[in-house]
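Subject: Structure handover

Hello,

The structure you asked about is below. My notes on it follow.

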Amino acid sequence: MELYNNWWEEKRSAWLYGIMAENEQKNILHKKLFIDLKQAAEKQASLWEHKIIESNNPAPGLFVPDLRTKIVASLVRFFGAENMHTILSAMKIRGMSVFMRYHSEHKHTGLSASSNLRAAVFGVNDGLISNMSLMLGIAGANADQHFIILAGIAGLLAGACSMGAGEYISVRSQREVFEYQIAIEKQELEEYPEEEIQELSLIYQARNVPKPEADTLATLMIKNPETGLNTLAREELGLNPEDLVSPVGAMLSSFISFAFGAVIPLLPFLFGHHSFNLGISIFLTAASLFLIGTMLSLFTNRHPILLGLRMLGIGSIAGLLTFMIGKMVGVAG
């Protein structure tokens, strides 16, 4: 079985490298790298196939990508391999180090599409579980559907506003710290350029760049004030002054993702008072939790069905607890 798995992994890698090469338009060297890696993966798959046959096992059939692989391929087509490098690395796709320099420059400030997607998924999950749990707690107390709707709307608005406000304060505070640090670097660059050249040279030397080359490179960088400031901010502070996260954008993203998740349990109740509304709400929530779990498998290289069931289990426990608490409070009242 292990031989077949190894063959399948290499075939999957080759297939994804082909998708990555087809959609790489910006960098011809990256495109060539993906083509070369595809050929290498195909060759490795052939070796595994040969070992399978040598072991008197049936030769593997045609490679058919699974659902997870197809989803990742669609994301690569839409966002590009560079923005999906985290997900691709989780799938054991080699060569992602070509993107690491760019993303290390954005580690504290910029958010790639894959990290945005992951944050959005968690935001939806938070809204879904918290609002469904709140509504189940109210339902457990045998409250009228009017109160369940009221609680659901209040939970949506309160949670989304709280998430948005918290994200705004967090990002705003972080941005102010970064702006302050950049301002200090700018002032030091204007007043003490020679000292900044020396500091930058020492950083390059710590990366095994010979001193003469490090001195020359640092001098070239600092001679241009804008380039020098950007370089010092990246090398000394680990941030890019041209790409600071917008606190308003982060706030809106958190608000919308939480609200999107929180509105799902509410949907059946917005179309009239029916006895089956709560059942439909629970079904929609369970299906959404399972889908979120499968989406998270893109980042963890775990089986999507297992992660879907795990997320469903976590949500079920939270909902059951609040329902039972509501039931006890309702009986006590």
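A residue counts as buried under 20% relative accessible area, as exposed over 50%, and as partly exposed in between. R172 has 22% relative accessibility, so R172 is partly exposed. Please keep in mind that this is a predicted model.

**Overall fold**

The protein chain has 13 helices and 0 strands. Its pattern along the sequence is α-α-α-α-α-α-α-α-α-α-α-α-α. The chain has 333 residues, and 39% of them count as buried.

**Nonpolar core**

The largest nonpolar core has 30 residues. Within this core, M20, V72, V76, I87, L88, I93 and I292 touch the most other members. Two or more residues each come from α1 (2-23), α2 (28-54), α3 (67-79), α4 (85-90), α6 (113-140) and α12 (277-300). Helix α1 gives the most, with 6 residues. As background, nonpolar side chains tend to be buried together in soluble globular proteins.

**Helix α12**

Helix α12 has 24 residues. At 1.5 Å a residue they should span 34 Å, and the end C-alpha atoms are 35 Å apart, so the two values agree. The buried residues in α12 are N277, S281, T285, S288, L289, I292, G293, T294, L296, S297, L298 and F299. I292 is also one of the core residues that touch the most other members.

**Helix α9**

Helix α9 covers residues 211-223, which is 13 residues. From first C-alpha to last it reaches 18 Å, close to the 18 Å expected at 1.5 Å a residue. Which residues of α9 are buried? They are A214, A218 and I222. These cover an arc of only 55° around the axis, so they sit on the same side of α9. P212, L220 and K223 are exposed on the other side of α9. The general rule is that an α-helix has 3.6 residues a turn, so residues three or four places apart point the same way.

**Salt bridges**

How many salt bridges does the structure hold? It holds 5.

- E9 and R12 meet through their side chains at 2.8 Å, N to O. They are 3 residues apart in helix α1, so about one helical turn separates them. E9 is partly exposed because its relative accessibility is 25%. R12 is buried, with a relative accessible area of 3%.
- E42 and K11 form a salt bridge at 3.0 Å, N to O. This pair links distant parts of the chain, with E42 in helix α2 and K11 in helix α1, 31 residues apart. E42 has 29% relative accessibility, so E42 counts as partly exposed.
- E176 and R172 form a salt bridge at 3.5 Å, N to O. They lie 4 residues apart in helix α7, so about one helical turn separates them. E176 counts as partly exposed because its relative accessibility is 45%. R172 is partly exposed too, at 22%.

In general, side chains of opposite charge can pair when their charged atoms come close.

**Backbone: two asparagines**

N56 is not a glycine, yet N56 has a positive phi of about 60°. N56 sits in the loop between α2 and α3. With 72% relative accessibility, N56 counts as exposed.

N142 is not a glycine either, and its phi is positive at about 60°. The loop between α6 and α7 (145-191) holds N142. At 60% relative accessibility, N142 counts as exposed.

**A contact across the sequence**

How far apart in space are P193 and G228? Their C-alpha atoms are 9.4 Å apart, while 35 residues separate them in sequence. P193 lies in helix α8 (residues 193-206). P193 is partly exposed, with a relative accessible area of 30%.

**Surface patch**

L320, M324, I325, M328 and V329 make up a nonpolar patch on the surface. Together they have about 510 Å² of accessible area. V329 belongs to helix α13 (residues 304-332). V329 counts as exposed because its relative accessibility is 54%.

Best regards

Note on methods:
Residues are numbered from 1 along each chain as its sequence is written. This is a predicted model: local features need pLDDT of at least 70, side-chain atom pairs count only at pLDDT 80 or more; totals for chains, interfaces and linings use all residues. Side-chain values use heavy atoms; hydrogens and water are left out. Patches are made of residues with over 30% relative accessible area and no salt bridge: like charges are joined within 9 Å, nonpolar side chains (Val, Leu, Ile, Met, Phe, Trp, Tyr) within 5 Å. Accessible areas come from the Shrake-Rupley method with a 1.4 Å probe; for residues, only the protein chains shown count as cover. A salt bridge is a side-chain nitrogen of Lys or Arg within 4 Å of a carboxyl oxygen of Asp or Glu. Buried means under 20% relative accessible area, exposed over 50%, partly exposed in between (1.4 Å probe, protein chains only). The expected span of a helix is 1.5 Å times one less than its number of residues. The arc is that of the directions from the helix axis to the C-beta atoms. A nonpolar core is a set of buried Ala, Val, Leu, Ile, Met, Phe, Trp, Tyr and Cys residues joined through side-chain atoms within 4.5 Å.
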